[in-house]
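Please study the structure shown below and work through the exercises that follow. Each exercise consists of a task and a solution in steps.

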Amino acid sequence: MSDLGRRQLIQVGVGGAMVLALGGLGLRWLGSGYLLRAGEVAVGLSVKQLCVARALVEALVPGGDGFPGGAELGLVQRIDEEVWAADEGMASDLRSALELLEHVPPLLGHMGRYSALSVAARGEVFERMLRSRRDLFVQVAIGLKQLVQICYYADARVWPAIGYDGPWIKEAKPPASALAYQKLVGERGGRG
Amino acid sequence: MIRQGHELDRDQRESVDVCVVGSGCGGASLAAVLAEQGRSVVLVEQGGYYTKDDFDQRELNMLAKIDGGRGLHASDDVSVSLTYGNNVGGASVHYWADSYRTPPDRLLEWRDVFGILGHSEEALAPHFAEIERDLNVHPATDEYANRMNLLVERGARQLGWHVARVPQARKACRGSGHCMQGCSYDAKQSQLVTYIPRAVAAGARLYSDLRAERLEWSGRKASALVGRVLDRATGRPRGPTLRVEARVFVIAAGGYGTPDFLLRQGLKAQLPELGEHLFVNPCPMVHAIFEEDVIQWRNIPAAWGVEEFRLARYHGPRRVFGRPSQSRYLEGGYLFMPNQLQPGLLGAVLPGIGRAHAELMRQLPKLGGTICWIDDVEPGRIRIDGGRRRIEMPLTGGNGQRLRDAWKKQAQLLLAVGAKQVLFGDAQDTRIERAEQIEAAVRQLSIRPARNVLGAPHPGGGARMGASPRDSVVDHEHRVHGFDNLFVADPSVFPSPPSVDPSLTILAFSRVAAAAVAARTS
């Protein structure tokens with residue numbers, strides 16, 4: 001993310017917080033009420049960021065009509081793994097992107113945190129970000145969209161729905177980072 | 001001998017004739033030439049060492065193993081996705097195997113406009129002949145053309161555009177379509193199966209999972225390179241170091257990696273052009289839904305390529321990279337290819353979210369598309385900011401003109417061969433169904449940051465060649481200005497994009513560099 005992007009992020013964050021304060025919701029709203037679900041572990045992301053990522057996954061790849069839902073595939077844990085394995089700069093950008101997403105709805109016509117909106121409203125907010133005139137919103141939305149969608153469509157459990165016959169090499173050979181991450185998740189009592 | 005990071009438990013020392021940083025096309029071929037001439041060589045590679053047995057054709061697994069930044073890195077404003085190798089063999093392990101000689105017109109431009117000496121068509125011809133033998137380069141034959149390839153060939157002929165078989169570096173290709181995930185059959189003739197084994201057989205020692213961090217100096221000479229072993233699981237330093245003392249050091253860390261490394265050595269003050277003049281071949285994609293199945297994910301990515309627009313057409317003299325325009329741009333300035341993406345990447349670059357996106361992906365067998373490698377004219381730059389690499393890549397000016405023309409031509413061809421819908425893949429999800437909609441659709445496409453999905457697979461120019469440090473970083477022998485024994489052998493030295501896939505140009509230039517290094521170590 002560029003320096004300009006960072007400045008915009010701060011401005012948007014401040015703007016969002018002001019909107020919230022005016023709405024009488026208070027600062028408690030900004031950081032509380034985030035709970036992991038059974039089997040989830042936050043390794044690369046904070047608990048809050050993981051909850052936002054889960055909300056995003058539900059909006060971007062909801063499943064149905066032959067498609068498995070992103071939540072059912074454990075996609076949020078896969079995203080946590082990517083952030084954990086990414087270099088420091090990229091991981092920091094992804095975390096910032098999720099933080100911005102969580103607090104952006106008041107600037108796009110929806111009062112409430114992103115993770116507290118209905119799935120339909122989350123989709124609407126995200127579409128508005130993609131089509132926004134503000135570069136930062138598009139940059140954040142495109143980055144998150146691509147991360148979620150590549151993780152989803154690269155998953156073998158999705159392939160029957162899209163008519164993809166899969167790799168010719170039958171045995172998956174996970175990278176060292178995946179094995180190390182799985183170990184960490186296991187040690188912390190997660191499902192991975 | 002190849003030693004991987006996990007095999008190194010304590011600090012190591014080496015003393016050799018030549019130390020090479022990076023094992024892609026530039027570093028591996030130079031190492032092989034020098035080792036076969038009897039020089040002692042150490043190769044240092046930041047990425048891991050993987051063979052065909054590690055290539056499982058799963059996109060995420062392979063992005064983690066062989067792609068720099070796990071495929072997540074982008075330019076500073078998120079306009080282009082950065083694609084580069086991070087493994088023994090470098091980007092040649094995930095490239096498409098397209099293997100063109102540098103076009104003579106581009107070599108002439110480099111000589112006449114940029115003053116490059118010793119890299120003429122005649123000087124490079126014997127190198128190209130040898131490289132083509134070593135890599136088994138041949139034009140793609142009919143059995144390698146998938147349906148999308150055939151549609152591009154047919155469309156180009158229908159529109160009167162010059163189309164040709166793409167020269168390929170392959171042996172007994174099975175046509176799995178997983179070139180970008182590393183070849184599981186050793187059919188693609190990457191550095192992993194060509195010059196690296198040759199270098200090692202001739203005695204070169206290769207250290208993988210080792211980040212080159214610091215050069216030590218003795219006056220105008222580099223005296224040693226110090227690197228740190230990385231933990232492959234996390235990419236973070238693990239503890240042990242390697243110190244290589246050498247008579248000559250060659251930096252071949254790639255179009256992004258080499259300027260990055262040299263900038264971190266604090267050389268910008270002496271070499272003001274370092275990190276400037278970056279090009280990346282930004283590549284716009286256009287997608288299409290056909291009535292018929294095209295199964296674009298199988299067989300080789302590009303058996304046929306449209307060469308009609310490789311050189312841009314101007315009303316007046318043609319514009320040169322980094323120089324102001326003196327003529328009115330008419331069209332072209334890109335190579336035009338069929339596209340090939342496995343479902344993960346395709347899903348990520350197709351427009352939209354939710355159910356609408358899923359319905360698009362449900363049509364996967366009927367989804368095809370094309371891609372253009374833009375021959376940049378507006379330079380970008382690489383800088384280090386707070387320890388982090390920053391890439392600035394303008395899509396405005398002449399680059400923007402070429403992007404728009406490439407979108408138009410791709411839509412034109414796809415509709416001409418029966419696409420029922422063409423998708424530009426932009427954030428606004430622009431789609432058209434008829435040729436008369438092309439002009440208006442392309443006119444409204446925004447080139448503001450992140451509005452389009454563009455790859456950046458062929459970086460170079462950040463340590464360009466020239467006569468003096470006022471306008472370049474290395475001289476005609478690939479030696480860094482002002483230093484007696486520091487060389488660069490990769491696309492960073494190109495003064496402008498080669499206008500075709502750069503692999504053969506890198507290999508041929510590396511042989512010129514190898515001759516200069518050999519002379520200093522005889």
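**Exercise 1. Confidence in the model**

Task: State what kind of model this is, and report its scores.

Solution. 
Step 1. The model is predicted.
Step 2. For the model as a whole, the scores are ipTM 0.96 and pTM 0.95.
Step 3. For chain B, the mean pLDDT is 97, and 100% of the residues of chain B reach 70 or more.

**Exercise 2. The make-up of chain A**

Task: Determine how many helices and strands chain A has, and describe its burial and its contacts.

Solution. 
Step 1. Chain A contains nine helices and zero strands. Read from the N terminus, its elements therefore follow the order α-α-α-α-α-α-α-α-α.
Step 2. Chain A has 192 residues, of which 43% are buried.
Step 3. Consider the contacts in chain A with a separation of 6 or more: 62% of them are between residues 24 or more positions apart.

**Exercise 3. The contact between chains A and B**

Task: Describe the contact between the two chains, and find which helix gives the largest share of the side of chain A.

Solution. 
Step 1. Chain A contributes 46 residues to the contact, and chain B contributes 43 residues.
Step 2. Several helices of chain A give two or more residues to this side, among them helix 3 (47-60), helix 5 (88-103) and helix 7 (135-153).
Step 3. Helix 7 of chain A provides the largest share, with twelve residues.
Step 4. Sorted by class, the side of chain A that touches chain B has 29 nonpolar, nine polar and eight charged residues.

**Exercise 4. Two domains in chain B**

Task: Describe how domain 1 and domain 2 of chain B are placed and where they touch.

Solution. 
Step 1. Chain B is divided into domain 1 (2-49 + 87-95 + 100-134 + 190-278 + 459-520) and domain 2 (140-172 + 280-456).
Step 2. The C-alpha centres of the two domains of chain B are 30 Å apart.
Step 3. Their contact involves 20 residues from domain 1 of chain B and 19 residues from domain 2 of chain B.
Step 4. On the side of domain 1, the elements giving two or more residues are helix 3 (104-112) and helix 7 (254-264) of chain B. Helix 7 of chain B gives the most, with five residues.
Step 5. By class, this side of domain 1 of chain B has nine nonpolar, six polar and five charged residues.

**Exercise 5. Strands of chain B**

Task: Trace the pairing of strand 2 of chain B, and then examine strand 16 of chain B.

Solution. 
Step 1. Strand 2 (residues 12-21) of chain B runs parallel to strand 11 (residues 237-251) of chain B, and nine bridges join them. Here B:Val18 has B:Val248 as its bridge partner.
Step 2. Strand 2 of chain B also pairs with strand 3 (residues 41-44) of chain B, in the parallel sense and over four bridges. In this pair, B:Val20 is bridged to B:Leu43.
Step 3. With helix 1 (residues 25-36) of chain B, strands 2 and 3 of chain B make a right-handed β-α-β unit.
Step 4. Strand 16 (residues 334-338) of chain B is largely enclosed by the rest of the structure, because five of its five residues are buried.
Step 5. Strand 16 of chain B is antiparallel to strand 17 (residues 367-374) of chain B, with five bridges between them.

**Exercise 6. Residues in loops**

Task: Decide whether A:Pro105, B:Arg323 and B:Val78 are buried or exposed.

Solution. 
Step 1. A:Pro105 lies in the loop between helix 5 and helix 6 of chain A. A:Pro105 is buried, because 24 other C-beta atoms lie within 10 Å. Leaving aside neighbours within four places in sequence, its contacts include A:His110, A:Tyr114 and A:Val125.
Step 2. B:Arg323 belongs to the loop between strand 14 (313-315) and strand 15 (328-331) of chain B. B:Arg323 is exposed, because it has 12 other C-beta atoms within 10 Å. The C-alpha atoms of B:Arg323 and B:Val377 are separated by 7.6 Å, although these residues are 54 residues apart along the chain.
Step 3. B:Val78 is in the loop between helix 2 (59-66) and strand 4 (80-82) of chain B. B:Val78 is buried, because 22 other C-beta atoms lie within 10 Å.
Step 4. Most residues other than glycine have a negative phi. B:Val78 is not a glycine, yet its phi is positive, about 65°.

Terms used. Residues numbered from 1 in each chain as written. Chains lettered and ligands numbered in written order. Predicted model: local features only at pLDDT ≥ 70, side-chain atom pairs only at ≥ 80, totals over all residues. Pairing = 2+ DSSP bridges. Right-handed = clockwise from strand over helix to strand, strands pointing away. Contact = placed C-beta atoms within 7 Å. Nonpolar A, V, L, I, M, F, W, Y, C, P; charged D, E, K, R; others polar. Domains from an automatic or database assignment. Buried ≥ 20, exposed ≤ 12 C-beta atoms within 10 Å, placed from the backbone. pLDDT = per-residue confidence, 0-100.
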